[in-house]
Amino acid sequence: MAATLSVFYVGEIGVNDYFVALSNNSVDVAVSLVPHIIDTIRSALTTMIAAGARTVVVSVSGMLPNRLRAAEAGCITRFINALAEHHNHMLRMMLRELRSNYGRSLTLLYADMYRPVVKAMASPALYGFGDRPLATCCAGGAGPNNFNFIAFCGTPASTTCADPSKFVSWDGIHFTEAANRFFARNMIKGLLSRGRGEYVATD
């Protein structure tokens, strides 16, 4: 009987915590959350490993649309980017420590969401998106990004774009299916090309 392989994928943990802090213009508070969030991720991983997980993919933080919405609420985008980079740095350090502790008994990979998101935002047309990378597909806002919490996607005041595949952001918080497909392909390509150990997402 052929052996089967189960891969556990751990998505982003702590996004909402950062978002609430940034929405309240509390950059210092958001930064102070990083070690606590990294510890929470470590706890989740060790629990999975103790339960028998041996191949785990951990998603490194990307510049998600909701953080960009936080920027519209008053936060400065460069601080948001710096926060994501700091989070990712601390996460990679923690993953290296876990690899060292468990050795060859554990395959622990990280999926870099940050660079693919930045690429899609910086050159959307190159990856099949439109020329408004921060704009939402489903919302009822005004201005270049079509976002307003009062007229959020699904409310009577909101509308939906004709072609969601041309948008990175669905509703200002979540990615579109097309964007998620783009990021997933990056992740899978990186995993297949590098195999065991750390990997960096590619185009």
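**Figure legends: fold and disulfides of the predicted model**

**View 1. Overall arrangement of the chain.** The protein contains 6 helices and 5 strands (DSSP runs, numbered from the N terminus: helices are H or I of at least four residues, strands E of at least two). Read from the N terminus, the order of elements is β-α-α-β-α-α-β-α-β-β-α. This is a predicted model, in which local features need pLDDT of at least 70 and side-chain atom pairs count only at pLDDT 80 or more, whereas totals for chains, interfaces and linings use all residues. Residues are numbered from 1 along each chain as its sequence is written, and side-chain values use heavy atoms, with hydrogens and water left out. Of the 203 residues, 43% are buried (under 20% relative accessible area, 1.4 Å probe, protein chains only).

**View 2. The disulfide of Cys-137 and Cys-161.** The whole structure holds 2 disulfides (pairs of cysteine sulfur atoms within 2.5 Å). In one of them, Cys-137 is joined to Cys-161 with an S to S distance of 2.0 Å. Cys-137 sits in the loop between helix H5 (114-122) and strand S4 (138-139), and Cys-161 in the loop between strand S5 (159-160) and helix H6 (177-194); the pair links distant parts of the chain, 24 residues apart. The link is left-handed, at -85 degrees about the S-S bond. Both Cys-137 and Cys-161 are buried.

**View 3. The disulfide of Cys-138 and Cys-153.** The sulfur atoms of Cys-138 and Cys-153 lie 1.9 Å apart. Because Cys-138 belongs to strand S4 and Cys-153 to the loop between S4 and S5, the pair ties together parts 15 residues apart in sequence. The disulfide is right-handed because the torsion about its S-S bond is about 90 degrees. Cys-138 is buried, at a relative accessible area of 3%. With the bonded cysteines numbered in sequence order, the pairing is 1-4, 2-3.

Key
Buried means under 20% relative accessible area, exposed over 50%, partly exposed in between (1.4 Å probe, protein chains only).
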